Amino acid sequence: MSASGSKYRAYLLIAVLLLVIFTETRGSMVRIGVYENAPKVFVDQDQKPSGFFIDIANAIGAEKQIHIEYIEGTWNEHLKNLKNGSIDILPDVAWSAEREKLFRFNSIPVIESWLQFFSMPGNEVNFLSDLAGKRIAVLEGSLQHQYLESGFANHLSIEYEIVLFEDYPSSVRSLMLGEADVLLADRFFYFSAHKSGLVIPGSLILNPVNLHFAFSAFVPDEFIRNFDRILFELKNNPRSVFYQSLNKWFDVEKPPSRAFYSNWIFISITLSAVFLVFLVVFLRKEILKKNRELKFRSAILESANKMLEELLEEKRKSELAARKGEEAFKSLFLQSADPVVLIRDKKIADCNPSVLKYLGYSSKQQIAGKHLAKLSPQYQSGKKDASDELADYWIGQAIARGSSRFEWLFERADKAQVYAEVVMTLVTFQQEKIIHASWRDITERKKTEDALRQSEERYRLLVDNQTDLVVKVDDKGRFLYVSPSYCKMFGKTSEELIGNTFLPLVHPDDREPTARAMEKLYEPPYYCEVEQRAMTANGWKWLEWVDTALVDENGKVTEIIGVGRDITESKLNEELKQKILITDENARFKQKFLAQMSHEIRTPLTGIAGMTEMLDKTELDETQKDYLETIKMSVENLRGIINEVLDFSSIEAGVVSLHPVGFTFKDLFMQAEKLFNAITKNKDSCSFQIRGLEELPQAVFADRHRIFQIITNFISNAVKYACKGTITLEIKTEKVLKEDEMLFKVLLHDQGPGLTADQAKDLFKPFYMISKRQNILVEGTGLGLSICKELAELMSGNIGVESQLDKGSVFWFTFKARILSSLNTLAEIREPDPHDDYQSLNILLVEDKKVNQKVVKLILASLGHKVTVAENGLNALEVYQPELFDLVLMDIQMPVMDGITATRKLRELYHDLPPIVGLSANAMAGDRERYMGEGMDDYITKPVRSDDFKNLLQRLGI
């Protein structure tokens, strides 16, 4: 044996062993994907896989002793998982040629389905033309999605929009919010818990399909064959898990007794009702026709009986006449097509051949001498009356009154039961009184009557038990019938309503529109829809009616059938939706207005603040310095007011979010002390101290900016209203929440005039201001403390004040922070060192406002930088040269070409660019993130100061 041959045999042996191991492993455990498509497959409230397909999979797994691992995910995720083998089986998959190329299907379909449109009331899809211009919601990657994009669209000359969703809950919400007009789903969505009570199915049905289990291409053939074998047994056993689950999830009354491949026929309630009405009318006509025929035949038979009596009477008068009468009787008796028996002493004495044929006997001896009850079942009419007692009664009636007529249930020799209408007549034959009994087969008529009665009962049950309102009125609007649901809604009995008109129950403002709408009932197609308010037992309700007129052969309206439903909730929802739209529009307008006002105020404020800063660096006398200090203070107050308004607007719009960083309380409180010293440098009436830092953790992780914003507000208010004695800033641990998480409390003590209880109670409300304090007019917006309250609650804390008149106040707030184990994780905010040496940079300033060009250029020049100005984005593209500039300051809003467009084009033209920093008066929440997402490396807002540029260069590391 050659070495290469041994080598190949070794590889073959290893491959066989791996195949055996793989097969054994895959036979002991399978992975089944679960997604949200209730009631066929979903995860229930206990987080367990559930639904019709899950029941089938569990039954098959128990039969084969297979361990099943259920894996949750979305529909699209599981299609990918099935393709790459991450799961073995995916339930509830419709077969298609494209999918058969990717997956394997079991050969036996689990259940049949079709596609159906669902919508909100008033937007139903009943014809293909109704889809024109509609936004159709559909699950992404589903067969419905493929159907809308391929075959279905190719056969229509109408246009529609496809809106994709990952699951049914989100698609239903889109219908409720008006983001989609209709939802295309399989028919089982009707039973889904995700289906809202407001969502209704349309009558348009498309693309019938079979639903299977789909298998990964890696699953062995033997496994799928065994799977089909067990599924076959379940579907052919009416008591199996298959039919128990079918009844459980889809309200099937009982399992079919035929094989699984019998088609299920689902008929909608509306079509059933129409069909039943048609069937009732048709059967009534047939019964009337049969009754006329039977009456005619009965008349002939009665005539024959009278003739027989006359012949018998003649026999008593004359021998010859008697003999002729006897022969005539025998002839009529023997040749009659109807079965005839002669009864003597309650027993059958003779019968004609038609009796034998009718009852299936071969000779007269088989029935001769028998009581009529012996040819019948034990009980007549469904075990209500005993046959022997009832037969004696009718025979007694014939003897007492000369004749009797009744319906009788016979039992043939083959045990089949047939109905007959029997006529018994007391006659004299051969000088003996006997009973002549003849009958006519009415089995078919009885079946028809039973079917008619059952149809009427089903129709009545359907009408009486449905939640929709059903009424029938004449052409004058008077009630002929009212359903129990109608009586319940209006708190009246049918006796109170029948014969009266419906119009008094309608709202006065809706009576004339109702009458106008109902005029359509008197011309083809004899149909109308009406919305009206009605006074019900629970007050005024909005009702929607669909009315149909019944006309005679001359086209005259005889009756009107109305089907209505309560649409009060949907009407209220429409009103609420309109209010929400108006509110949202107002909010958007306010946000847009605030953004525009902020931009327009910040733009000139940049010139004022910048020139003030430049002026402060020049030689000034004391009077000029005082004037300049007043200007600077006014500018800072204006900047603070703008920031408070924007913060309040952002909080009100719910767009404020936290940005936690690592920091130390020591650095935070040192910065607070610098702030106090800066705003009190001309005041000697108060001092500042810090307390509690020694007992705190070394470093924490929280939103340092928002914490400092609250502290800044507290200090500013204390300096403004209570600047005497000592102002103390204190911090302490309030509560340990988790092992690495604490609730901290910051307190600011002052020795000012204090607050009354009423003032303290309203202090944190928006726009609340204490009008005067020690004869000093209070300035500001009244928003500062209300913003602090919102920020504290955003950080899982609270805020408050404890105060007494003439004894001072303690303002406090709490916040949650995570404890850091070391300082290495900190992103500390370092104050720029005025003694730092800055490298001289070449900066390209892209700014259209002349004042801003001048101010920014002066500030940057004072820091030792060289500035080149471009008046708009297009000019910046012309001026820019590679390796010439170290930094680009880009305004956002500019004529000719804006800053975002210019930044995008610069990045398209050059791969190695210096930092591009947005410089704008847009300061709304999210502006910084939005512009940096458009390609900016950083972003600063106007008005800008030299410190802003220093901090920027420090962040950029240049």
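In the predicted model, Phe410 is in contact with Tyr358, Leu359, Leu372, Leu375, Ser376, Pro377, Ala416, Gln417, Val418, Ala420, Val422 and Trp439, neighbours within four places in sequence being left aside. Phe410 belongs to strand S16 (residues 403-411) and, because its relative accessibility is 0%, counts as buried. A separation of 9.0 Å lies between the C-alpha atoms of Phe410 and Gln380, which stand 30 residues apart along the chain.

Glu407 pairs with Arg445, with 2.5 Å between the closest N and O atoms. Since Glu407 is located in strand S16 and Arg445 in helix H14 (residues 443-465), the pair ties together parts 38 residues apart in sequence. Arg445 is buried, at a relative accessible area of 10%, whereas Glu407, at 35% relative accessibility, is partly exposed.

In total, 28 salt bridges were counted. One of them joins the side chains of Arg344 and Glu432 at 2.6 Å (N to O). This pair links distant parts of the chain, with Arg344 in strand S12 (residues 340-344) and Glu432 in strand S18 (residues 432-441), 88 residues apart.

Helix H17 (residues 508-518) carries the buried residues Asp510, Thr514, Ala517 and Met518. Viewed down the axis of H17, these residues fall within an arc of 90° and therefore line one face of the helix. Asp509 and Glu512, on the other side of H17, are exposed. The packing partners of the buried residues of H17 are strands S21 (527-536), S22 (539-551) and S23 (557-566).

Definitions and conventions. Residues are numbered from 1 along each chain as its sequence is written. This is a predicted model: local features need pLDDT of at least 70, side-chain atom pairs count only at pLDDT 80 or more; totals for chains, interfaces and linings use all residues. Side-chain values use heavy atoms; hydrogens and water are left out. Buried means under 20% relative accessible area, exposed over 50%, partly exposed in between (1.4 Å probe, protein chains only). Helices (H or I, at least four residues) and strands (E, at least two) are DSSP runs, numbered from the N terminus. The arc is that of the directions from the helix axis to the C-beta atoms. Contact means heavy atoms within 4.5 Å. A salt bridge is a side-chain nitrogen of Lys or Arg within 4 Å of a carboxyl oxygen of Asp or Glu.
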